[in-house]
Amino acid sequence: MKKLILLCMVFVFSNTFFAQTATEKKAKAKTEKAKADKKKKAKETKAKAKKEEVKAKKEVKEKAPKTKKDGSPDKRFKEPAKGSVKLKKDGTVDKRYKAKENNASAMGQKKSAEGKAKAAANKAEAKTKKVIRERVSTEKAPRTPDKVTGNYNGKKVYTGPRGGRYYINSNGNKTYISDDK
């Protein structure tokens, strides 16, 4: 009789255990489906973005000047207007053309009044940029000397701003001390 009651109890507990597993499986399936949906949406948005990017590149390429493989302009196609910007294959501005124009003007070749004005403006702009760079480089945070925190083999131990410990060796270089010493 005791065995029969024990067997019934095991049966009852095993059923409740498996019933919980079934609900867990349903919940897990729902979360997996939600994840799959998210991934699918992400792929779709990436595909749309990629299509738009390809379309934009194609438009830029159509507007770009036609050139031969060596980079020289192809005479079969019309040269772009004088004020237009020359682009690379990827659609970015090709800075080589601007450099060539500046070199030609620097070599003393024919300069129009407009070219001279541009050159003067570029020089003035370069000077202001240089002054700004100098200001930026001198306006760094004030350097604080490292603190002396002890001795190591008869030398002063310094602690840097980020917590590194070191001493100055006989060559005048910093030698860092590991934390286990």
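Predicted model: local features only at pLDDT ≥ 70, side-chain atom pairs only at ≥ 80, totals over all residues.

I looked up the strands and found four in an open sheet, ordered β1-β2-β3-β4 with antiparallel pairing. Its edge strands are β1 (147-152) and β4 (174-176), each pairing on one side only. On average, neighbouring strands are turned by 40° against each other, direction ignored. I then checked β1 against β2 (residues 155-159) and found five bridges in the antiparallel sense.

**The rings.** How many aromatic pairs does the structure hold? I found three. I took Tyr-152 and Tyr-167 to begin with: their ring centres are 5.5 Å apart and the planes stand at 35°, so I logged the pair as tilted. Tyr-152 belongs to β1 and Tyr-167 to β3 (residues 165-168), so this pair ties together parts 15 residues apart in sequence. Tyr-152 is partly exposed at 22% relative accessible area. Tyr-167 is at 15%, under the 20% cut-off, so I call Tyr-167 buried.

Next I turned to Tyr-166 and Tyr-176. This pair is also tilted, with 5.4 Å from centre to centre and 55° between the planes. Tyr-166 lies in β3 and Tyr-176 in β4, so parts ten residues apart in sequence are tied together. Buried or exposed? Tyr-166 is buried at 5% relative accessibility, whereas Tyr-176 is exposed at 54%.

**Around Tyr-166.** I saw that ring pairs link Tyr-158, Tyr-166 and Tyr-176 into a cluster. The charged end of Lys-174 sits over the Tyr-166 ring, 4.8 Å from its centre.

Notes: Residues numbered from 1 in each chain as written. Heavy atoms only, no water. Pairing = 2+ DSSP bridges. Helix = DSSP H or I, 4+ residues; strand = E, 2+ residues; numbered from the N terminus. Axes fitted to C-alpha atoms, helices over the stretch in contact; angles between N-to-C directions. Phe/Tyr/Trp six-rings, centres within 6.5 Å; stacked < 30°, edge-to-face > 60°. Buried < 20%, exposed > 50% of the residue type's maximum accessible area, 1.4 Å probe, protein only. Lys NZ or Arg CZ within 6 Å of the ring centre and 35° of its normal.
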